[in-house]
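Let's take a walk through this protein, one neighbourhood at a time. Keep the viewer open and follow along.

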Amino acid sequence: MAKLRVGFIGYGHLGKFLVEKLRQLPDEFEVMRIWNRSVGEPGVQGLETLNAESLNDIDLVVEVAHPNIIADYGELILEHCDLFAGSPTCFANQELLEKLKNSALMHARRLLVPAGALWGANDIQKMADVGSLKGLTVTMIKHPTSFKLGSPLFEINEQAKLKESEETILYEGSVRGLCPLAPNNVNTMAGGALAASNLGFDKVKAKLISDPKMTDWHVVEVRVEGDDGFEVITRRNNPAKPGAVTGQLTYYSFLSSIKESRYKPSGIQLC
């Protein structure tokens with residue numbers, strides 16, 4: 001299989017990790033270009049250079065920056081290459097989701113969504129495909145300092161920071177309602193809404209909890225409901241220190257998703 005030429009948008013902790021790991025696989029991947037909001041590091045370009053010409057020699061763009069990037073540049077990227085959307089909370093905007101799905105099909109491109117911290121994503125997708133998925137609830141529990149939130153969740157979490165041991169429920173409701181309020185923190189939930197295609201962002205349930213006891217972990221609990229009382233409940237404890245937005249093992253999940261993405265067909269695909 002030919003070497004995959006990759007461009008990155010986003011060069012924070014996750015972006016740097018992925019670039020380093022792909023550069024250790026020179027027979028499979030070549031990192032062609034890195035774009036970032038802030039520049040200054042060697043080889044990093046500003047977003048103003050992200051255009052048709054700079055995409056001509058790239059096979060896959062990996063976005064690990066912010067959901068606004070997908071909204072602003074998604075169509076342009078899909079005209080020229082495949083897109084790995086590391087911030088799928090943007091797809092809570094149904095109009096954007098439909099627009100990029102159509103663009104991917106029109107240009108025979110792949111719009112790739114990583115499973116991230118969603119344990120059992122492929123099984124959820126299989127159940128959704130045959131219509132046997134009746135319910136999906138994703139609960140995420142993190143230390144108060146690990147959240148980047150908009151109002152009113154920001155104010156609720158500020159109060160949660162004052163508690164020594166008591167957890168605070170920041171949100172309980174649809175994934176669609178939560179994504180704009182916590183775009184950096186609930187990509188796992190957005191991935192679940194995309195995997196559960198027969199339920200979608202409105203019917204997949206989200207619960208976000210701020211817990212000062214979570215000094216070593218990010219916790220993701222997934223409850224899947226099917227026909228005749230079928231139920232699966234998983235709890236994923238992902239090593240993470242207070243303040244970390246992304247847990248350690250999710251970094252490797254993203255890396256595996258990039259590797260797997262090579263074998264996916266065109267259209268929107270979970271990987």
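Where is the place of Ala 108? Bear in mind that you're looking at a predicted model. Ala 108 sits in the loop between H4 and strand E6 (110–113). Its phi is near 55°, which is a positive value in a residue other than glycine. Since its relative accessibility is 54% and the cut-off for exposed is over 50%, Ala 108 counts as exposed.

Asp 228 has a positive phi of about 55° although it is not a glycine, and you'll find it in the loop between strand E10 (217–225) and strand E11 (231–239). With 85% relative accessibility, Asp 228 counts as exposed.

Now go back to H4 and bring in its partner. Two packed helices are described by the angle between their axes and the distance between the axes. For helix H3 (residues 67–80) and helix H4 (residues 94–106), the axes come within 9 Å and cross at roughly 15°. Angles under 35 degrees count as roughly parallel, so that's the label for H3 and H4. Their crossing is left-handed. On the H3 side, the contact is made by Ile 70, Ala 71, Gly 74, Glu 75 and Leu 78, while H4 brings Leu 96, Lys 99, Leu 100, Ser 103 and Ala 104. Sorted by class, this H3 and H4 contact has 6 nonpolar, 2 polar and 2 charged residues.

The axes of helix H1 (residues 13–23) and helix H10 (residues 248–261) come within 10 Å and cross at roughly 50°. That angle makes H1 and H10 oblique to each other, and H1 passes H10 in a right-handed crossing. From H1, the residues making the contact are His 13, Leu 14, Phe 17, Leu 18, Lys 21 and Leu 22; from H10 they are Tyr 251, Tyr 252, Phe 254, Leu 255 and Ile 258. By class, the H1 contact with H10 has 9 nonpolar, 1 polar and 1 charged residues.

Stay on H1 for a moment. Which of its residues are buried? They are Leu 14, Gly 15, Phe 17, Leu 18, Val 19 and Leu 22. What covers them includes H10, along with strand E1 (4–9) and strand E2 (29–36).

From here, jump to the loop between strand E7 (135–142) and H6, where Pro 152 lies. The peptide bond from Ser 151 to Pro 152 is cis, with omega near 10°. Follow the chain into helix H6 (residues 153–160), and you'll see that Leu 153, Asn 157 and Ala 160 are buried. Look down the axis of H6: its buried residues fall within an arc of 45°, so they line one face of the helix. Among the elements covering these buried residues are E8, helix H7 (175–178) and strand E9 (205–210).

That brings us to strand E8 (residues 168–174), where Thr 168 lies. Is Thr 168 buried or exposed? Buried means under 20% relative accessible area, and Thr 168 has 10%, so it is buried. Leaving aside neighbours within four places in sequence, Thr 168 is in contact with Ile 156, Ala 160, Lys 163, Leu 208, Ile 209 and Ser 210. One of these contacts, Ala 160, is also one of the buried residues of H6.

How values were computed: Residues numbered from 1 in each chain as written. Predicted model: local features only at pLDDT ≥ 70, side-chain atom pairs only at ≥ 80, totals over all residues. Heavy atoms only, no water. Helix = DSSP H or I, 4+ residues; strand = E, 2+ residues; numbered from the N terminus. Buried < 20%, exposed > 50% of the residue type's maximum accessible area, 1.4 Å probe, protein only. Contact = heavy atoms within 4.5 Å. Axes fitted to C-alpha atoms, helices over the stretch in contact; angles between N-to-C directions. Parallel < 35°, antiparallel > 145°, perpendicular 65-115°, else oblique. Left-handed = near helix turned anticlockwise from the far one by under 90°. Nonpolar A, V, L, I, M, F, W, Y, C, P; charged D, E, K, R; others polar. Arc of directions from axis to C-beta.
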